[in-house]
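Work through the exercises below with the sequence and the model at hand. Each task is followed by a solution in steps.

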Amino acid sequence: MVRWSRFNIASVVLGFSFLYLPIVLLVIFSFNESRLVTVWAGFSTKWYTQLWYNRGLLDAAWVTIRVALLSATVATVLGTMAALTLVRYLRFRGRVLFSGMVYAPLVMPEVITGLSLLLLFVAIGLDRGFWTITLAHITFTMCFVAVVVQSRLLSFDRSIEEAALDLGATPIRAFFAITLPVIAPAVFSGWVLAFTLSLDDLVIASFTTGPGATTLPMKIYSQVRLGVTPEINAICTILIGIVALGVVIASAVTRRREIQRERDERAAFAVSG
């Protein structure tokens with residue numbers, strides 16, 4: 001049994017305070033009556049009401065949500081396919097190059113990724129805007145989905161998939177009927193991670209954006225340089241709530257799947273015994 005010393009407890013408390021205390025303060029001051037974000041003047045929700053009349057922030061939030069939904073969905077499909085390729089096909093020409101291209105965005109600085117994509121879009125003559133931001137987010141979030149799904153596929157029992165093939169199922173039908181339901185929690189977790197990363201991105205979006213495609217992080221950053229307003233605290237609190245809700249749902253779905261899998265395994269052992 002691990003014994004906690006005062007130094008360990010103090011280190012943990014200071015570490016978590018450094019990470020989460022600023023977020024807690026931001027949420028608290030989003031309900032501040034005063035326009036001064038550092039002076040508490042009483043509880044009020046008026047800044048959430050006034051947020052609905054701030055067209056600049058709302059338009060940027062709508063662009064961000066659309067980009068995140070579309071990029072996360074496409075990145076999940078491509079990342080799952082990449083994970084299947086890396087796990088199921090261990091030997092094919094160009095595997096090292098393919099795996100390197102899949103994992104490169106994990107270690108590549110965002111500045112380099114954004115600049116490279118900017119040069120690509122300029123070279124092919126693609127107008128920068130909503131679609132260039134979406135393509136850029138697909139590029140750098142796909143690798144995170146691939147890592148999450150690949151970790152689940154490595155522990156996947158292929159005997160049940162092979163049994164479906166022996167019973168006459170086609171590989172595609174076996175994938176959708178057997179493999180996909182088993183790895184669904186990992187796929188969903190990868191989608192949530194890609195969605196969160198897209199919501200949070202500032203650097204890559206700054207390089208690949210164009211007229212009429214300002215994301216919320218870019219809008220907040222441009223306004224913060226002139227001073228933090230209560231509306232920014234309010235919309236940041238809403239984003240924190242959305243991300244926290246997504247994490248809770250993903251954790252609940254994963255836990256429920258694990259419990260169901262354990263029950264199915266116990267039932268199968270009971271029948272075979």
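## Exercise 1: Met218

Leaving out residues up to four places away in sequence, Met218 touches Leu202, Ala205, Ser206 and Thr209, where contact means heavy atoms within 4.5 Å. This is a predicted model, in which local features need pLDDT of at least 70 and side-chain atom pairs count only at pLDDT 80 or more, while totals for chains, interfaces and linings use all residues. Residues are numbered from 1 along each chain as its sequence is written, and side-chain values use heavy atoms, with hydrogens and water left out.

Task: state in which helix Met218 is found, and whether Met218 is buried or exposed.

Solution. 
- Step 1. Met218 belongs to helix H10, residues 216-224. Helices (H or I, at least four residues) and strands (E, at least two) are DSSP runs, numbered from the N terminus.
- Step 2. Buried means under 20% relative accessible area, exposed over 50%, and partly exposed in between (1.4 Å probe, protein chains only).
- Step 3. The relative accessible area of Met218 is 15%, so Met218 is buried.
- Step 4. For a distance across the model, take Leu165: its C-alpha atom is 50 Å from that of Met218, and the two residues are 53 apart along the chain.

## Exercise 2: The whole chain

Solution. 
- Step 1. Taken along the principal axes, the C-alpha atoms fill a box of roughly 70 × 60 × 40 Å.
- Step 2. Among contacts with a separation of 6 or more, 70% are between residues 24 or more positions apart.

## Exercise 3: Helix H3 and its partners

Task: describe how H3 packs against H6, H10 and H4.

Solution. 
- Step 1. Two packed helices are described by the angle between their axes and the distance between the axes. Axes are lines fitted to C-alpha atoms, for helices over the stretch in contact, and angles run from 0 to 180 degrees between N-to-C directions.
- Step 2. H3 (residues 55-88) and H6 (residues 130-154) pack at about 40 degrees, with axes 5 Å apart. That makes H3 oblique to H6; angles under 35 degrees count as roughly parallel, over 145 as roughly antiparallel, 65 to 115 as roughly perpendicular and the rest as oblique.
- Step 3. The crossing of H3 and H6 is right-handed. A crossing is left-handed if the near helix is turned anticlockwise from the far one by less than a right angle, and right-handed if clockwise.
- Step 4. The axes of H3 and H10 come within 7 Å and cross at roughly 145 degrees. Here Gly56, Leu57, Ala60, Ala61 and Thr64 of H3 meet Leu216, Pro217, Lys219 and Gln223 of H10.
- Step 5. For H3 and H4 (residues 95-107), the axes come within 11 Å and cross at roughly 145 degrees. This crossing is left-handed.
- Step 6. In H3, Ala82, Thr85 and Leu86 meet Arg95, Phe98, Ser99, Val102 and Tyr103 in H4.

## Exercise 4: The largest nonpolar core

Task: which residues of the largest nonpolar core touch the most other members?

Solution. 
- Step 1. A nonpolar core is a set of buried Ala, Val, Leu, Ile, Met, Phe, Trp, Tyr and Cys residues joined through side-chain atoms within 4.5 Å.
- Step 2. The largest one has 14 residues, and Val149, Leu153, Ile183 and Phe195 touch the most other members.
- Step 3. H3, H6 and helix H8 (171-200) are the elements that give two or more residues to this core; H8 gives the most, with six.
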